[in-house]
Amino acid sequence: MSASLTGGRTSAVESSRTWPLIDRIMLAFCWIAGITACVIAFAIVAFMAYKGLEFLRPNLFVERPNATFDQSKSGGFLDPLIGTILLTTMGTLVAIPASVAVAIWLTEYGRPFGLARAVESAVEIIAGTPSIVLAIFGLIIFQQEVFGFLSFRAEGGSVFGRSFFTAALMMSLIALPLIVGATREGLQAIPSHVREASYALGKSKWATIQRVLLPSVRPAIGTGTVLGMGRIAGDTAIVVVLLGASLQIQGYGDIPGLDILRGNGGTLTSYTYVNSPAGEGAAPDKAYAAAFVLLMISIGLNLFVSRLARSGKSASAAATR
Amino acid sequence: MVLALCAGMVIFVLAKAWPSFASNGIGWFGAGEPDTQLGDIFKSPSAPSEYVYEIGVWPLLWGTILTTGVAVFLGLFFSLFTAIFIVEFAPPRLERLLEPVVRLLAAVPSVVYGLIGILVLVPFVANNLISDERKESVGYVTQLTGASWSVAALVLTVMIVPIMITIIVDALRSVPKGWIEGAAALGVNRWRIMWTISVRTVRPAIIAAVILAAARALGEAIMISMISGSLSFVPQPVDGLTFFFEPVRTLASSIVDNAEGLSVIPFGQTIYAFAFLLLVSSAVLSWAGWAAKIPMRKYGIRP
């Protein structure tokens with residue numbers, strides 16, 4: 001923007017030496033704030049890298065965790081790692097179709113108008129709802145008798161409501177607003193003459209959406225999805241309330257594969273939480289190592305988003321929402 | 001479908017939470033000792049007619065208001081200056097660095113912030129900032145372990161700043177170029193242009209940023225439950241410096257801390273009541289954040 005002020009930038013940018021003192025103090029504040037932001041970010045990454053690499057051992061990735069006070073026997077975080085991957089995949093798989101459908105309906109149909117408005121603000125509200133409240137809501141819903149098949153029954157015969165299924169369904173709600181936002185932005189960026197050209201060739205509206213619009217918003221959907229994955233992988237509250245936050249994955253039932261999904265487990269976030277001084281097992285070094293892996297996952301997803309956004313040049317605005 | 005989900009959320013949580021509200025009346029919001037009262041509720045007899053519901057959540061509310069308010073207040077100044085810096089004053093190379101930095105700060109999972117807080121900041125505060133005399137002076141009411149609302153508020157500030165920066169930067173970038181160039185042609189310096197024209201134009205967006213950040217801060221559970229000491233203590237501003245080192249507990253973090261006992265019916269209902277309060281306040285806040293941006297449309301700006 002400064003370039004546009006000084007024209008072709010033949011001279012250096014206006015010097016602040018002639019400004020009144022108060023303006024120069026405020027300018028100094030700006031510099032301090034900007035640099036502080038950089039310093040905080042680098043301090044976090046550097047500190048976590050230092051501590052994480054200090055305690056990270058290859059065997060942590062392949063050993064199952066045990067609840068014991070003897071730290072040499074408490075194992076690694078194989079189960080939480082699997083839990084994170086499982087939960088993220090399931091959550092995104094549920095979220096993508098639902099949110100793409102919502103986005104397409106909102107931008108391409110959007111009638112009746114009042115309903116579209118209401119859905120729009122409902123998505124906003126879901127985006128603003130704290131994940132802990134989503135977790136509580138999920139617990140209330142999935143403890144109903146009807147949803148008994150998704151989890152297992154406690155001793156008293158009541159539905160327990162905590163399983164990978166229920167946690168993933170609630171996690172998909174976290175990703176939903178992000179994917180809806182990114183997809184809508186992508187759809188709105190498509191010029192209307194593209195749609196009209198498709199209609200002129202005799203395609204129906206549905207065929208236009210399917211053959212013309214969806215392929216071109218694929219990068220936007222990808223961006224939203226990766227952002228949502230980062231959010232899911234980093235969430236703790238839902239794991240603690242809806243997954244049980246146990247150390248090992250505890251299957252339930254007889255059908256292999258399905259038993260795990262109906263059972264309890266934990267993720268890297270809950271592993272970090274449980275192993276920190278706030279949880280039961282005070283094992284800060286394990287917590288550091290798990291948190292480092294977690295941080296790497298979220299940074300990696302973020303880098304992926306910026307590369308996607310650079311190639312798809314859209315939806316970077318939704319990055320921090 | 002989304003709509004039904006939203007309505008279902010409010011209705012279900014309210015239905016589950018109603019007994020707690022109903023039996024306490026307006027006193028639900030009043031003073032009390034949630035820690036011991038929650039314990040009593042947890043141990044209440046199993047016959048439905050003898051359930052114990054008595055609770056006053058003012059300490060939890062005060063903790064929530066205190067941490068959220070301070071974090072948003074600090075974050076507003078910090079993010080306003082950073083946003084101005086990114087848009088106007090940063091050298092291009094620094095600007096290219098700052099954008100990923102902001103995105104990174106937003107992407108760090110809250111449990112990592114909590115871990116850094118509890119393993120680094122809290123011991124630092126306990127060892128270096130709180131003297132032994134100060135610990136003894138309040139020893140008969142609470143222990144000062146370093147886990148305190150001010151540390152939680154500081155970390156919370158770092159967590160909500162990226163949201164505010166993104167919203168303000170987007171808004172500042174959408175200020176019409178002609179207005180800025182007009183001011184520059186009149187000989188106004190760059191700082192005054194930013195402060196008197198751009199920042200004033202985007203005031204609605206700044207309000208929206210504050211509201212959305214507050215909604216985010218309200219719901220932060222894990223990090224605060226790790227750092228703030230998680231005791232339902234009411235810090236008194238009259239305590240002087242000690243005030244800053246006193247522990248609190250927020251609504252959201254008390255849900256996380258008590259997630260184990262949800263199957264005890266009256267206990268669960270009390271926790272659901274916390275969740276309902278959070279749900280309503282965050283829904284109101286996110287609606288208000290959306291509504292706050294409306295005035296900007298009359299300038300023809302769509303941030």
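Trainee: Read along the sequence, what pattern does chain B follow?
Mentor: This is a predicted model. Chain B has 14 helices and zero strands. Read from one end of the sequence to the other, the pattern of chain B is therefore helix after helix, namely α-α-α-α-α-α-α-α-α-α-α-α-α-α.

Trainee: How many helices and how many strands does chain A have?
Mentor: The pattern of chain A along its sequence is α-α-α-α-α-α-α-α-α-α-α-α-α. Its secondary structure comes to 13 helices and zero strands.

Trainee: What are the ipTM and pTM of the complex, and what share of the residues of chain B reach a pLDDT of 70 or more?
Mentor: For the complex, the predictor gives an ipTM of 0.80 and a pTM of 0.82. Chain B has a mean pLDDT of 80. The share of its residues that reach 70 or more is 87%.

Trainee: In chain A, which helix has the lowest confidence and which the highest?
Mentor: Chain A averages a pLDDT of 79, and 80% of its residues score at least 70. Over residues 1-11 of chain A, pLDDT stays under 50, and the model has 10 contacts there beyond four places in sequence. Residues 314-321 of chain A also have pLDDT under 50, with 33 such contacts. Among the helices, the lowest mean, 45, belongs to α1(A), and the highest, 89, to α7(A).

Trainee: Why does helix α7 of chain A lie largely in the open?
Mentor: Helix α7 of chain A covers residues 192-200. A residue is buried if 20 or more other C-beta atoms lie within 10 Å of its own. The helix lies largely in the open because, of its nine residues, the number buried is zero.

Trainee: Which residue with a positive phi follows α7(A)?
Mentor: The phi in question is near 90 degrees. The residue that follows α7(A) with this positive phi is A:Gly202.

Trainee: With which residues is A:Ile190 in contact, leaving aside its neighbours within four places in sequence?
Mentor: A:Ile190 is placed in the loop between α6 (164-189) and α7 of chain A. It has 15 other C-beta atoms within 10 Å and is therefore partly exposed. A:Ile238 is 48 residues away from A:Ile190 in sequence and 36 Å away in space, C-alpha to C-alpha. The contacts of A:Ile190 beyond its sequence neighbours are A:Leu213 and A:Ser216.

Trainee: What span is expected for α2(A) at 1.5 Å a residue, and which of its residues are buried?
Mentor: α2(A) has 35 residues and reaches 50 Å from its first C-alpha to its last, close to the expected 51 Å. Its buried residues are A:Leu27, A:Cys30, A:Ala33, A:Gly34, A:Ala37, A:Ala41, A:Met48, A:Lys51 and A:Gly52.

Trainee: How many residues does each chain give to the contact, and which element of chain A gives the most?
Mentor: The contact takes 66 residues from chain A and 71 residues from chain B. Elements that give two or more residues to the chain A side include α2 (21-55), α9 (218-234) and α13 (284-312). By class, this side has 46 nonpolar, 17 polar and three charged residues. The element of chain A that gives the most, with 15 residues, is α2(A).

Trainee: Which residues of chain B does A:Ile136 touch?
Mentor: Residues up to four places away in sequence are not counted here. Within chain A, A:Ile136 touches A:Val241. In chain B, A:Ile136 touches B:Val13, B:Ile255, B:Tyr272 and B:Ala275.

Key:
Residues numbered from 1 in each chain as written. Chains lettered and ligands numbered in written order. Predicted model: local features only at pLDDT ≥ 70, side-chain atom pairs only at ≥ 80, totals over all residues. Contact = placed C-beta atoms within 7 Å. Helix = DSSP H or I, 4+ residues; strand = E, 2+ residues; numbered from the N terminus. Nonpolar A, V, L, I, M, F, W, Y, C, P; charged D, E, K, R; others polar. pLDDT = per-residue confidence, 0-100. Buried ≥ 20, exposed ≤ 12 C-beta atoms within 10 Å, placed from the backbone. Expected span 1.5 Å × (residues − 1).
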